Amino acid sequence: MARDGNTTLLGVKTFVILSVIKIAIALAVLLTLVAYTVLFERKLVGRIQNRWGPSRVGPFGLLQPLADGMKFFFKEDITPPYVNKPLYLTAPMLSLTLALTSIAVIPIGGWVTVDGIRTPLQITDVNIGLLIILGITSMGVYGIALAGWSSNSKYSLLGSLRASAQMISYEVALGLSLIGVLILSGSFSLRDIVTSQSGAWWGVIPKWNLFKGQFVAFFIYLCAAYAETNRVPFDLPEAETELVAGYHTEYSSMKFAMFFMAEYANMVTVACLASLLFLGGWNGPLFGPQILQYFLPVFWFALRVFFFIFLYVWVRGTLPRFRYDQLMGFTWKVLLPLSLANIIVTSLVVALRS
Amino acid sequence: MIHYILFFIFAAFAVGGAINLLAQRHPIASALSLIVVMGSLAVEYMLLGAEFVAAIQVIVYAGAIMVLFVFVIMLLNAGAEERTKGSKVAVILGVPGMLAGLALGVFVLTQHDVANTQVAVGAMYGPAKAIAEQLFKPFLLPFEITSVLVLIAIMGAVLLAYKELD
(Lines give C-alpha, C1' and ligand atoms only; values in the text may rest on other atoms or scores of the structure.)
Protein backbone atom coordinates (compact mmCIF):
# COMPACT_ATOMS: atom_id res chain seq x y z
CA MET A 1 0.00 0.00 0.00
CA ALA A 2 2.82 2.37 0.76
CA ARG A 3 3.82 3.92 -2.51
CA ASP A 4 7.39 4.80 -1.60
CA GLY A 5 8.30 1.45 -3.05
CA ASN A 6 11.83 1.92 -1.76
CA THR A 7 11.55 -0.20 1.38
CA THR A 8 13.41 -2.98 -0.36
CA LEU A 9 15.62 -0.47 -2.11
CA LEU A 10 16.77 1.23 1.07
CA GLY A 11 16.80 -1.77 3.34
CA VAL A 12 14.54 -2.15 6.32
CA LYS A 13 16.98 -0.63 8.79
CA THR A 14 17.42 2.65 6.90
CA PHE A 15 13.70 2.79 6.29
CA VAL A 16 12.89 2.44 9.98
CA ILE A 17 15.48 5.02 11.04
CA LEU A 18 14.29 7.41 8.35
CA SER A 19 10.67 6.99 9.39
CA VAL A 20 11.46 7.56 13.06
CA ILE A 21 13.35 10.75 12.22
CA LYS A 22 10.49 11.96 10.05
CA ILE A 23 7.88 11.17 12.69
CA ALA A 24 9.90 12.97 15.38
CA ILE A 25 10.32 16.08 13.24
CA ALA A 26 6.68 16.10 12.10
CA LEU A 27 5.41 15.69 15.65
CA ALA A 28 7.67 18.41 17.03
CA VAL A 29 6.69 20.84 14.26
CA LEU A 30 3.00 20.04 14.61
CA LEU A 31 2.95 20.50 18.39
CA THR A 32 4.86 23.77 18.15
CA LEU A 33 2.52 24.91 15.42
CA VAL A 34 -0.48 24.01 17.57
CA ALA A 35 0.90 26.00 20.50
CA TYR A 36 1.71 29.03 18.39
CA THR A 37 -1.59 28.90 16.50
CA VAL A 38 -3.24 29.50 19.87
CA LEU A 39 -1.00 32.52 20.47
CA PHE A 40 -1.50 33.76 16.91
CA GLU A 41 -5.25 33.50 17.33
CA ARG A 42 -5.23 35.40 20.62
CA LYS A 43 -3.01 38.12 19.18
CA LEU A 44 -5.00 38.54 15.99
CA VAL A 45 -8.41 38.42 17.65
CA GLY A 46 -7.02 40.99 20.06
CA ARG A 47 -6.07 43.26 17.18
CA ILE A 48 -9.47 42.76 15.52
CA GLN A 49 -11.13 43.78 18.78
CA ASN A 50 -8.82 46.76 19.17
CA ARG A 51 -6.69 45.45 22.06
CA TRP A 52 -3.18 44.04 22.40
CA GLY A 53 -3.65 40.37 23.16
CA PRO A 54 -1.04 38.56 25.29
CA SER A 55 2.08 40.71 25.54
CA ARG A 56 3.62 40.09 28.98
CA VAL A 57 5.48 36.77 28.72
CA GLY A 58 8.57 37.19 26.59
CA PRO A 59 8.98 39.65 23.70
CA PHE A 60 5.58 40.30 22.05
CA GLY A 61 4.15 37.59 24.33
CA LEU A 62 6.02 34.93 22.36
CA LEU A 63 6.55 32.69 25.38
CA GLN A 64 2.85 32.73 26.29
CA PRO A 65 2.19 29.17 24.94
CA LEU A 66 4.98 27.89 27.21
CA ALA A 67 3.44 29.62 30.21
CA ASP A 68 0.01 28.25 29.31
CA GLY A 69 1.43 24.74 29.04
CA MET A 70 3.06 25.05 32.47
CA LYS A 71 -0.20 26.31 33.90
CA PHE A 72 -2.10 23.33 32.50
CA PHE A 73 0.44 20.95 34.04
CA PHE A 74 0.20 22.43 37.51
CA LYS A 75 -3.59 22.85 37.66
CA GLU A 76 -5.47 20.49 39.89
CA ASP A 77 -6.65 17.46 37.95
CA ILE A 78 -10.25 16.93 39.04
CA THR A 79 -12.22 13.83 38.18
CA PRO A 80 -15.80 14.61 39.17
CA PRO A 81 -17.78 11.93 41.00
CA TYR A 82 -20.41 9.93 39.06
CA VAL A 83 -18.48 10.03 35.80
CA ASN A 84 -18.03 6.88 33.74
CA LYS A 85 -14.36 6.68 34.58
CA PRO A 86 -12.87 4.50 31.80
CA LEU A 87 -14.58 6.48 29.07
CA TYR A 88 -14.00 9.80 30.83
CA LEU A 89 -10.25 9.11 30.77
CA THR A 90 -10.20 7.62 27.25
CA ALA A 91 -12.09 10.43 25.51
CA PRO A 92 -9.40 13.16 25.60
CA MET A 93 -6.69 10.67 24.66
CA LEU A 94 -8.78 9.48 21.73
CA SER A 95 -9.37 13.04 20.56
CA LEU A 96 -5.72 14.03 20.68
CA THR A 97 -4.36 10.78 19.22
CA LEU A 98 -6.67 10.88 16.24
CA ALA A 99 -6.03 14.58 15.68
CA LEU A 100 -2.26 14.04 15.62
CA THR A 101 -2.36 10.84 13.55
CA SER A 102 -3.65 12.41 10.36
CA ILE A 103 -0.39 14.35 9.89
CA ALA A 104 1.22 11.00 8.92
CA VAL A 105 -0.15 11.06 5.38
CA ILE A 106 0.16 14.79 4.71
CA PRO A 107 2.99 15.64 2.28
CA ILE A 108 4.72 18.97 2.81
CA GLY A 109 7.08 19.08 -0.15
CA GLY A 110 8.72 17.24 -3.00
CA TRP A 111 11.53 14.66 -2.89
CA VAL A 112 14.77 15.25 -1.05
CA THR A 113 18.09 13.47 -1.56
CA VAL A 114 20.32 13.43 1.50
CA ASP A 115 23.50 11.37 1.55
CA GLY A 116 22.33 9.28 -1.41
CA ILE A 117 18.97 8.46 0.19
CA ARG A 118 16.03 9.78 -1.78
CA THR A 119 12.91 10.33 0.27
CA PRO A 120 9.64 12.25 0.03
CA LEU A 121 8.95 15.03 2.54
CA GLN A 122 6.12 13.07 4.09
CA ILE A 123 5.94 10.37 6.75
CA THR A 124 4.27 7.90 4.45
CA ASP A 125 2.76 8.20 0.99
CA VAL A 126 -0.20 5.82 0.77
CA ASN A 127 -2.44 5.57 -2.24
CA ILE A 128 -5.57 6.11 -0.14
CA GLY A 129 -4.14 9.09 1.75
CA LEU A 130 -7.24 11.23 1.45
CA LEU A 131 -9.52 8.41 2.58
CA ILE A 132 -7.30 7.80 5.60
CA ILE A 133 -7.67 11.43 6.65
CA LEU A 134 -11.44 11.25 6.17
CA GLY A 135 -11.55 8.04 8.20
CA ILE A 136 -9.53 9.54 11.03
CA THR A 137 -11.69 12.68 11.09
CA SER A 138 -14.84 10.59 11.19
CA MET A 139 -13.47 8.60 14.13
CA GLY A 140 -12.63 11.86 15.90
CA VAL A 141 -16.32 12.33 16.68
CA TYR A 142 -16.10 9.59 19.29
CA GLY A 143 -13.68 11.56 21.43
CA ILE A 144 -16.17 14.41 21.72
CA ALA A 145 -19.28 12.25 21.93
CA LEU A 146 -17.87 10.04 24.67
CA ALA A 147 -16.45 12.99 26.60
CA GLY A 148 -19.88 14.55 26.85
CA TRP A 149 -21.69 11.36 27.67
CA SER A 150 -19.22 10.04 30.24
CA SER A 151 -19.07 13.36 32.11
CA ASN A 152 -22.60 12.79 33.39
CA SER A 153 -23.50 16.45 33.12
CA LYS A 154 -26.34 17.98 31.15
CA TYR A 155 -24.21 20.70 29.55
CA SER A 156 -21.59 18.20 28.44
CA LEU A 157 -24.22 15.84 27.09
CA LEU A 158 -25.97 18.59 25.14
CA GLY A 159 -22.63 19.76 23.77
CA SER A 160 -21.61 16.33 22.61
CA LEU A 161 -25.04 15.61 21.12
CA ARG A 162 -24.76 18.81 19.12
CA ALA A 163 -21.21 17.95 18.11
CA SER A 164 -22.07 14.45 16.90
CA ALA A 165 -25.07 15.57 14.88
CA GLN A 166 -23.16 18.49 13.42
CA MET A 167 -20.05 16.52 12.55
CA ILE A 168 -21.95 13.68 10.87
CA SER A 169 -24.00 16.15 8.83
CA TYR A 170 -21.06 18.24 7.72
CA GLU A 171 -18.96 15.18 6.96
CA VAL A 172 -21.37 14.36 4.14
CA ALA A 173 -20.89 17.77 2.55
CA LEU A 174 -17.13 17.62 3.20
CA GLY A 175 -16.74 14.23 1.54
CA LEU A 176 -18.87 15.17 -1.45
CA SER A 177 -17.02 18.45 -1.98
CA LEU A 178 -13.76 16.52 -2.40
CA ILE A 179 -15.11 14.31 -5.19
CA GLY A 180 -14.73 17.07 -7.78
CA VAL A 181 -11.04 17.29 -6.92
CA LEU A 182 -10.71 13.52 -7.09
CA ILE A 183 -12.33 13.43 -10.54
CA LEU A 184 -9.88 16.07 -11.80
CA SER A 185 -6.75 14.43 -10.39
CA GLY A 186 -7.77 10.77 -10.63
CA SER A 187 -6.02 9.64 -7.46
CA PHE A 188 -6.55 9.38 -3.71
CA SER A 189 -2.87 9.95 -3.04
CA LEU A 190 -2.30 13.48 -1.76
CA ARG A 191 1.08 13.59 -3.51
CA ASP A 192 -0.49 12.73 -6.86
CA ILE A 193 -3.22 15.32 -6.32
CA VAL A 194 -0.58 18.01 -5.78
CA THR A 195 1.49 16.85 -8.76
CA SER A 196 -1.60 17.05 -10.98
CA GLN A 197 -1.87 20.76 -10.11
CA SER A 198 1.65 21.75 -11.20
CA GLY A 199 2.27 24.15 -14.05
CA ALA A 200 0.37 27.24 -15.15
CA TRP A 201 -1.79 28.45 -18.01
CA TRP A 202 0.01 31.05 -20.16
CA GLY A 203 2.66 31.09 -17.46
CA VAL A 204 0.49 33.21 -15.18
CA ILE A 205 -2.55 31.45 -13.80
CA PRO A 206 -1.45 28.40 -11.80
CA LYS A 207 -3.25 25.15 -12.57
CA TRP A 208 -4.68 24.82 -9.07
CA ASN A 209 -7.88 22.86 -8.64
CA LEU A 210 -9.45 26.09 -7.42
CA PHE A 211 -8.84 27.66 -10.84
CA LYS A 212 -9.86 24.48 -12.65
CA GLY A 213 -13.42 25.36 -11.68
CA GLN A 214 -13.70 24.02 -8.14
CA PHE A 215 -14.74 27.31 -6.50
CA VAL A 216 -18.03 25.89 -5.28
CA ALA A 217 -16.29 22.83 -3.90
CA PHE A 218 -13.76 25.07 -2.18
CA PHE A 219 -16.50 27.11 -0.52
CA ILE A 220 -18.31 23.95 0.60
CA TYR A 221 -15.06 22.46 1.88
CA LEU A 222 -14.26 25.59 3.90
CA CYS A 223 -17.72 25.71 5.51
CA ALA A 224 -17.69 22.00 6.27
CA ALA A 225 -14.14 22.17 7.60
CA TYR A 226 -15.06 24.95 10.02
CA ALA A 227 -17.98 22.87 11.22
CA GLU A 228 -15.88 19.72 11.51
CA THR A 229 -13.36 21.47 13.73
CA ASN A 230 -16.13 23.10 15.80
CA ARG A 231 -14.95 26.61 15.08
CA VAL A 232 -16.88 29.87 14.90
CA PRO A 233 -19.42 30.31 13.27
CA PHE A 234 -20.20 26.63 13.85
CA ASP A 235 -18.99 26.28 17.45
CA LEU A 236 -22.37 25.23 18.84
CA PRO A 237 -20.89 22.21 20.70
CA GLU A 238 -19.00 24.56 23.01
CA ALA A 239 -21.23 27.62 22.85
CA GLU A 240 -20.22 29.27 26.10
CA THR A 241 -23.35 31.42 26.39
CA GLU A 242 -25.61 28.38 26.44
CA LEU A 243 -23.57 25.35 27.48
CA VAL A 244 -20.83 26.66 29.82
CA ALA A 245 -18.10 25.00 27.74
CA GLY A 246 -19.98 22.21 25.99
CA TYR A 247 -18.51 18.74 25.88
CA HIS A 248 -15.40 19.59 27.90
CA THR A 249 -17.17 21.36 30.77
CA GLU A 250 -16.15 18.72 33.33
CA TYR A 251 -12.54 18.44 32.21
CA SER A 252 -9.66 20.22 33.88
CA SER A 253 -5.87 20.46 33.73
CA MET A 254 -4.10 18.39 31.05
CA LYS A 255 -7.28 16.52 30.09
CA PHE A 256 -8.81 19.82 29.02
CA ALA A 257 -5.53 20.78 27.35
CA MET A 258 -5.73 17.59 25.29
CA PHE A 259 -9.11 18.60 23.85
CA PHE A 260 -7.74 22.05 23.24
CA MET A 261 -4.67 20.71 21.42
CA ALA A 262 -6.83 18.30 19.44
CA GLU A 263 -8.98 21.16 18.21
CA TYR A 264 -5.99 23.15 17.01
CA ALA A 265 -4.26 20.10 15.52
CA ASN A 266 -7.45 19.44 13.57
CA MET A 267 -7.40 23.04 12.39
CA VAL A 268 -3.85 22.57 11.10
CA THR A 269 -4.78 19.31 9.35
CA VAL A 270 -7.80 20.90 7.69
CA ALA A 271 -5.68 23.88 6.60
CA CYS A 272 -3.03 21.52 5.15
CA LEU A 273 -5.69 19.55 3.31
CA ALA A 274 -7.27 22.69 1.87
CA SER A 275 -3.87 23.85 0.56
CA LEU A 276 -3.07 20.43 -0.90
CA LEU A 277 -6.42 19.87 -2.55
CA PHE A 278 -7.40 23.30 -3.82
CA LEU A 279 -4.38 25.60 -3.79
CA GLY A 280 -1.79 23.40 -5.44
CA GLY A 281 0.07 22.24 -2.33
CA TRP A 282 3.73 23.19 -2.55
CA ASN A 283 3.73 24.25 -6.20
CA GLY A 284 5.38 27.62 -6.69
CA PRO A 285 8.33 29.33 -8.34
CA LEU A 286 11.63 27.53 -7.70
CA PHE A 287 15.04 29.20 -8.00
CA GLY A 288 18.46 29.36 -6.43
CA PRO A 289 20.85 26.58 -5.33
CA GLN A 290 19.83 22.96 -4.68
CA ILE A 291 19.27 23.40 -0.94
CA LEU A 292 16.93 26.32 -1.63
CA GLN A 293 15.12 24.20 -4.22
CA TYR A 294 14.42 21.67 -1.48
CA PHE A 295 13.07 24.17 1.00
CA LEU A 296 11.19 26.60 -1.24
CA PRO A 297 8.29 24.15 -1.79
CA VAL A 298 7.97 23.69 1.97
CA PHE A 299 7.92 27.46 2.32
CA TRP A 300 5.19 27.87 -0.32
CA PHE A 301 3.18 25.18 1.40
CA ALA A 302 3.64 26.78 4.83
CA LEU A 303 2.50 30.09 3.38
CA ARG A 304 -0.77 28.56 2.22
CA VAL A 305 -1.35 26.82 5.54
CA PHE A 306 -0.69 30.12 7.29
CA PHE A 307 -3.23 31.79 5.04
CA PHE A 308 -5.90 29.29 6.05
CA ILE A 309 -5.12 29.62 9.73
CA PHE A 310 -5.32 33.40 9.31
CA LEU A 311 -8.69 32.94 7.63
CA TYR A 312 -9.87 30.81 10.55
CA VAL A 313 -8.99 33.52 13.04
CA TRP A 314 -10.36 36.26 10.84
CA VAL A 315 -13.70 34.48 10.56
CA ARG A 316 -13.72 33.92 14.29
CA GLY A 317 -13.17 37.61 14.90
CA THR A 318 -15.89 38.63 12.46
CA LEU A 319 -18.85 36.27 12.26
CA PRO A 320 -21.50 35.57 14.92
CA ARG A 321 -22.58 32.06 15.81
CA PHE A 322 -25.30 30.26 13.85
CA ARG A 323 -28.53 29.14 15.47
CA TYR A 324 -28.69 25.35 15.67
CA ASP A 325 -31.56 24.86 13.20
CA GLN A 326 -29.84 27.27 10.78
CA LEU A 327 -26.67 25.21 11.12
CA MET A 328 -28.42 21.96 10.24
CA GLY A 329 -30.52 23.55 7.50
CA PHE A 330 -27.41 25.10 5.98
CA THR A 331 -25.66 21.81 5.40
CA TRP A 332 -28.63 19.68 4.35
CA LYS A 333 -30.47 22.28 2.28
CA VAL A 334 -27.62 24.36 0.84
CA LEU A 335 -24.25 22.60 0.97
CA LEU A 336 -25.45 19.08 0.11
CA PRO A 337 -27.38 20.02 -3.09
CA LEU A 338 -24.57 22.39 -4.09
CA SER A 339 -21.92 19.68 -3.70
CA LEU A 340 -24.01 17.18 -5.68
CA ALA A 341 -24.45 19.75 -8.45
CA ASN A 342 -20.70 20.37 -8.40
CA ILE A 343 -20.01 16.65 -8.84
CA ILE A 344 -22.43 16.39 -11.78
CA VAL A 345 -21.03 19.46 -13.55
CA THR A 346 -17.39 18.48 -12.95
CA SER A 347 -17.84 14.92 -14.17
CA LEU A 348 -19.79 16.15 -17.19
CA VAL A 349 -17.00 18.55 -18.15
CA VAL A 350 -14.32 15.89 -17.65
CA ALA A 351 -16.33 13.36 -19.67
CA LEU A 352 -16.91 15.80 -22.53
CA ARG A 353 -13.23 16.73 -22.65
CA SER A 354 -11.86 13.19 -22.77
CA MET B 1 5.48 -13.32 9.03
CA ILE B 2 4.26 -9.91 10.13
CA HIS B 3 1.08 -10.66 8.16
CA TYR B 4 0.34 -13.64 10.38
CA ILE B 5 1.05 -11.72 13.58
CA LEU B 6 -1.20 -8.83 12.53
CA PHE B 7 -3.90 -11.19 11.36
CA PHE B 8 -4.08 -13.08 14.64
CA ILE B 9 -3.89 -9.93 16.79
CA PHE B 10 -6.77 -8.26 14.99
CA ALA B 11 -8.75 -11.48 14.62
CA ALA B 12 -8.52 -11.76 18.40
CA PHE B 13 -9.68 -8.14 18.72
CA ALA B 14 -12.63 -8.82 16.39
CA VAL B 15 -13.75 -11.97 18.21
CA GLY B 16 -13.13 -10.44 21.64
CA GLY B 17 -15.08 -7.34 20.65
CA ALA B 18 -17.97 -9.43 19.38
CA ILE B 19 -18.13 -11.43 22.62
CA ASN B 20 -17.87 -8.25 24.68
CA LEU B 21 -20.71 -6.77 22.63
CA LEU B 22 -22.99 -9.53 23.91
CA ALA B 23 -21.59 -9.64 27.42
CA GLN B 24 -21.82 -5.92 28.21
CA ARG B 25 -24.98 -4.66 29.84
CA HIS B 26 -24.75 -1.03 28.91
CA PRO B 27 -25.72 -0.13 25.33
CA ILE B 28 -22.84 2.37 24.99
CA ALA B 29 -20.31 -0.30 25.93
CA SER B 30 -21.88 -2.67 23.43
CA ALA B 31 -21.78 -0.05 20.69
CA LEU B 32 -18.11 0.67 21.43
CA SER B 33 -17.31 -3.05 21.21
CA LEU B 34 -18.98 -3.10 17.81
CA ILE B 35 -16.69 -0.26 16.72
CA VAL B 36 -13.71 -2.36 17.81
CA VAL B 37 -15.02 -5.26 15.71
CA MET B 38 -15.43 -3.02 12.67
CA GLY B 39 -12.01 -1.44 13.09
CA SER B 40 -10.35 -4.85 13.34
CA LEU B 41 -12.21 -6.02 10.24
CA ALA B 42 -10.86 -2.97 8.41
CA VAL B 43 -7.33 -4.06 9.31
CA GLU B 44 -8.07 -7.57 8.06
CA TYR B 45 -9.29 -6.14 4.74
CA MET B 46 -6.08 -4.20 4.49
CA LEU B 47 -4.08 -7.39 5.05
CA LEU B 48 -5.98 -8.88 2.10
CA GLY B 49 -4.75 -5.99 -0.04
CA ALA B 50 -8.20 -4.37 -0.18
CA GLU B 51 -7.18 -0.92 0.99
CA PHE B 52 -10.18 0.89 -0.50
CA VAL B 53 -12.67 -1.43 1.18
CA ALA B 54 -10.76 -1.03 4.44
CA ALA B 55 -10.95 2.76 4.27
CA ILE B 56 -14.64 2.69 3.39
CA GLN B 57 -15.25 0.25 6.25
CA VAL B 58 -13.78 2.77 8.69
CA ILE B 59 -15.43 5.86 7.16
CA VAL B 60 -18.91 4.42 6.64
CA TYR B 61 -19.37 1.75 9.30
CA ALA B 62 -17.13 2.80 12.16
CA GLY B 63 -17.29 6.52 11.42
CA ALA B 64 -20.85 7.23 10.30
CA ILE B 65 -23.23 4.40 11.16
CA MET B 66 -21.81 3.70 14.60
CA VAL B 67 -21.74 7.41 15.44
CA LEU B 68 -25.48 7.42 14.75
CA PHE B 69 -25.91 4.38 17.03
CA VAL B 70 -23.98 6.10 19.81
CA PHE B 71 -25.88 9.32 19.15
CA VAL B 72 -29.26 7.63 19.51
CA ILE B 73 -28.19 5.79 22.66
CA MET B 74 -26.98 9.08 24.14
CA LEU B 75 -30.12 10.92 23.06
CA LEU B 76 -32.46 8.36 24.60
CA ASN B 77 -30.16 8.13 27.62
CA ALA B 78 -30.65 4.37 27.63
CA GLY B 79 -29.62 2.73 30.88
CA ALA B 80 -28.16 -0.68 31.56
CA GLU B 81 -30.34 -3.47 30.26
CA GLU B 82 -32.14 -5.88 32.53
CA ARG B 83 -31.11 -9.46 32.17
CA THR B 84 -33.82 -12.04 31.79
CA LYS B 85 -33.23 -15.75 31.92
CA GLY B 86 -33.63 -16.04 28.16
CA SER B 87 -36.11 -18.18 26.33
CA LYS B 88 -35.89 -21.95 26.41
CA VAL B 89 -36.43 -22.14 22.66
CA ALA B 90 -33.20 -20.23 22.13
CA VAL B 91 -31.28 -22.76 24.23
CA ILE B 92 -32.95 -25.83 22.73
CA LEU B 93 -32.70 -24.73 19.10
CA GLY B 94 -29.79 -22.29 19.27
CA VAL B 95 -27.03 -24.50 20.65
CA PRO B 96 -27.53 -27.38 18.18
CA GLY B 97 -27.98 -24.86 15.37
CA MET B 98 -24.72 -23.17 16.25
CA LEU B 99 -22.90 -26.51 16.47
CA ALA B 100 -24.34 -27.57 13.11
CA GLY B 101 -23.20 -24.31 11.53
CA LEU B 102 -19.74 -24.73 13.00
CA ALA B 103 -19.50 -28.31 11.76
CA LEU B 104 -20.61 -27.24 8.28
CA GLY B 105 -18.00 -24.50 8.22
CA VAL B 106 -15.21 -26.82 9.29
CA PHE B 107 -16.35 -29.44 6.76
CA VAL B 108 -16.34 -26.99 3.86
CA LEU B 109 -12.96 -25.58 4.86
CA THR B 110 -11.35 -29.04 5.11
CA GLN B 111 -12.88 -30.23 1.83
CA HIS B 112 -11.61 -27.32 -0.25
CA ASP B 113 -8.08 -26.23 -0.80
CA VAL B 114 -7.71 -22.90 0.92
CA ALA B 115 -5.24 -20.59 -0.73
CA ASN B 116 -2.42 -20.16 1.72
CA THR B 117 -0.30 -17.78 -0.28
CA GLN B 118 0.25 -14.22 0.75
CA VAL B 119 -1.72 -11.68 -1.26
CA ALA B 120 0.47 -9.10 -2.92
CA VAL B 121 -0.83 -5.62 -2.25
CA GLY B 122 -2.49 -4.19 -5.34
CA ALA B 123 -2.56 -7.57 -7.10
CA MET B 124 -6.29 -8.04 -6.66
CA TYR B 125 -9.25 -5.68 -6.56
CA GLY B 126 -7.66 -3.43 -3.98
CA PRO B 127 -7.40 0.05 -5.49
CA ALA B 128 -10.50 2.15 -6.09
CA LYS B 129 -9.99 1.95 -9.84
CA ALA B 130 -10.13 -1.84 -9.93
CA ILE B 131 -13.31 -1.84 -7.85
CA ALA B 132 -14.87 0.83 -10.06
CA GLU B 133 -14.02 -1.19 -13.20
CA GLN B 134 -15.90 -4.12 -11.74
CA LEU B 135 -18.83 -2.06 -10.45
CA PHE B 136 -19.44 -0.01 -13.55
CA LYS B 137 -18.78 -2.69 -16.20
CA PRO B 138 -19.88 -6.26 -15.35
CA PHE B 139 -21.94 -5.43 -12.27
CA LEU B 140 -23.55 -2.19 -13.43
CA LEU B 141 -27.15 -3.44 -13.24
CA PRO B 142 -26.95 -4.93 -9.71
CA PHE B 143 -25.12 -1.79 -8.58
CA GLU B 144 -27.81 0.55 -9.92
CA ILE B 145 -30.61 -1.62 -8.55
CA THR B 146 -28.97 -1.53 -5.12
CA SER B 147 -28.84 2.25 -5.24
CA VAL B 148 -32.57 2.37 -6.06
CA LEU B 149 -33.15 0.04 -3.11
CA VAL B 150 -31.24 2.38 -0.81
CA LEU B 151 -33.26 5.31 -2.17
CA ILE B 152 -36.48 3.47 -1.32
CA ALA B 153 -35.19 2.90 2.21
CA ILE B 154 -34.40 6.61 2.58
CA MET B 155 -37.85 7.57 1.33
CA GLY B 156 -39.40 5.12 3.76
CA ALA B 157 -37.46 6.69 6.63
CA VAL B 158 -38.61 10.17 5.59
CA LEU B 159 -42.22 8.96 5.40
CA LEU B 160 -42.05 7.43 8.87
CA ALA B 161 -40.54 10.58 10.33
CA TYR B 162 -43.17 12.75 8.66
CA LYS B 163 -46.05 10.85 10.25
CA GLU B 164 -44.56 11.52 13.66
CA LEU B 165 -44.49 15.25 12.99
CA ASP B 166 -48.22 15.63 12.19
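How far apart do the C-alpha centres of domain 1 of chain B and domain 2 of chain B lie? They lie 24 Å apart. To see them, select residues 2-126 of chain B for domain 1 and residues 127-166 for domain 2; these bounds come from an automatic or database domain assignment.

This is a predicted model, in which local features need pLDDT of at least 70 and side-chain atom pairs count only at pLDDT 80 or more, whereas totals for chains, interfaces and linings use all residues. Residues are numbered from 1 along each chain as its sequence is written, and chains are lettered from A and ligands numbered from 1 in the order in which they are written.

**The interface**

Next, display both chains together. Contacts (C-beta atoms, placed from the backbone, within 7 Å) link 18 residues of chain B with 18 residues of chain A. Select helix α3 of chain B, residues 51-76: with 14 residues, this helix gives the most to the side of chain B that touches chain A. Helices (H or I, at least four residues) and strands (E, at least two) are DSSP runs, numbered from the N terminus. Colouring that side of chain B by residue class gives 16 nonpolar, 1 polar and 1 charged. Here Ala, Val, Leu, Ile, Met, Phe, Trp, Tyr, Cys and Pro count as nonpolar, Asp, Glu, Lys and Arg as charged, and the others, Gly among them, as polar.

Now hide chain B. Chain A has 12 helices and 4 strands, and its C-alpha trace spans about 60 × 50 × 45 Å along the principal axes. Buried residues (20 or more other C-beta atoms within 10 Å of their own; exposed, 12 or fewer; partly exposed, in between; C-beta atoms placed from the backbone) account for 44% of its 354 residues.

Select A:Ala145, A:Tyr221, A:Ala224 and A:Ala274, which touch the most other members of the largest nonpolar core, a set of 115 residues. Such a core consists of buried Ala, Val, Leu, Ile, Met, Phe, Trp, Tyr and Cys residues joined through C-beta atoms within 7 Å. Helix α10 of chain A (residues 253-278) gives the most to this core, with 17 residues. Centre the view on A:Ala224: beyond its neighbours within four places in sequence, its contacts are A:Tyr170, A:Ala173, A:Leu174, A:Ser177 and A:Leu335.

**The loop between α2 and α3**

Move to the loop between α2 (12-48) and α3 (64-74) of chain A, where A:Asn50 is placed. Phi of A:Asn50 is positive, near 60 degrees, and A:Asn50 counts as exposed because it has 6 C-beta neighbours inside 10 Å. A:Phe60 is in the loop between α2 and α3 as well; although not a glycine, A:Phe60 has a positive phi of about 55 degrees. With 13 other C-beta atoms within 10 Å, A:Phe60 is partly exposed.

**The hairpin**

Finally, select strands β1 (residues 111-114) and β2 (residues 117-120) of chain A, which run antiparallel and are joined by 4 bridges; strands pair if DSSP finds at least two bridges between them. A:Thr113 has A:Arg118 in β2(A) as its bridge partner. The two strands form a hairpin with 2 residues between them, and A:Asp115 in the turn has a positive phi of about 60 degrees.

How values were computed. Two residues are in contact if their C-beta atoms, placed from the backbone, lie within 7 Å.
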